[in-house]
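User: Hi! I'm new to this one. Could you walk me through it?
Analyst: Happy to. Here it is.

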Amino acid sequence: MSTRIAFLKGHGTENDFVIVPDPENALDLSPAAVAALCDRRAGIGGDGVLHVVRSAAHPEAREMAAEAEWFMDYRNGDGSVAEMCGNGVRVFARYLQHAGHVAEGDLAIATRAGVRTVHLAKDGDVTVGMGRARLPEGEVTVTVGERSWPARNVNMGNPHAVAFVADLAHAGDLYTAPPVGPAAAYPDGVNVEFVVDRGPRHVAMRVHERGSGETRSCGTGACAVAVAAARRDGTDPAVTGTPATYTVDLPGGRLVITERPDGEIEMTGPAVIVAEGEIDADWLAHALG
């Protein structure tokens, strides 16, 4: 390992990430190393790490290399591996543009949830094709203190429980994961969204992200919320034959989610690179010791 490791810092609607370019997959980013980097007091700080690797160089992405040159090896802030991160994909694409690997327009990015199509617009927004939602059957309940709500089970490549509430304050502090039952519905944990209405096809949300706690934004969570809201509102595009677009306000900003009649979902929002520098390898080794 070299004595210094390049990194960047970026965010999408204030869902922030440490970006580690590693085209040939030469770095051993252990869970402990990721957690150290994401530590907001003793490290760089972030909700997760975007490990930038060429698909052909990563064993989990080689089969996607013909479709997408780059693989988003995403890790949660606690070091655990995640299938997908919607805000992360936008920031990942912005990094590729910043580094000169891609230009404005369309590109494909490999993720553990499959290949995602991305459009880098001239106005700075990034649109991501998020694929189709799956709606597992069975009732799910979310509980905070003495309150419980029925929730919609939505899978966006990663699992979500979406609860519509009267007041976002009812979600509590979200430092720890809200209990969700039955446990068998989410054997690997779950992202939990609490949602209130702001107007026609306009909602606001808070989220506890599995492995990260409450975050300022969650792209896949915003998509799950829009899907759940469309079913609740009777605007399911597969039924109406008309796309359904929802504006989703998050603590860190605003995302626009559109679900088409064929089930494909698009998410549009900002993505920003805020800094770049070098990680001291001696510091990292000490942090892991």
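User: How do helix H1 and helix H5 pack?
Analyst: Helix H1 (residues 31-38) packs with helix H5 (residues 281-288) at an angle of about 110°, and their axes are 10 Å apart. Axes are lines fitted to C-alpha atoms, for helices over the stretch in contact, and angles run from 0 to 180 degrees between N-to-C directions. Helices are DSSP runs (H or I, at least four residues) and strands are too (E, at least two), numbered from the N terminus.

User: And which residues make the contact?
Analyst: From H1, Ala32, Ala33, Ala36 and Leu37; from H5, Trp283, Leu284, Ala287 and Leu288. Contact means heavy atoms within 4.5 Å.

User: Is this an experimental or a predicted model?
Analyst: This is a predicted model: local features need pLDDT of at least 70, side-chain atom pairs count only at pLDDT 80 or more, and totals for chains, interfaces and linings use all residues. Residues are numbered from 1 along each chain as its sequence is written, and side-chain values use heavy atoms, with hydrogens and water left out.

User: New topic: valine 180. Buried or exposed?
Analyst: Valine 180 counts as buried because its relative accessibility is 17%. Buried means under 20% relative accessible area, exposed over 50%, partly exposed in between (1.4 Å probe, protein chains only).

User: Where does valine 180 lie, and what is valine 180 in contact with?
Analyst: Valine 180 lies in strand E11 (residues 180-181). Leaving aside neighbours within four places in sequence, valine 180 contacts Val140, Thr141, Val142, Ala161, Tyr186, Val190 and Val192.

User: How far apart are valine 180 and isoleucine 109?
Analyst: They are 71 residues apart in sequence and 32 Å apart in space, C-alpha to C-alpha.
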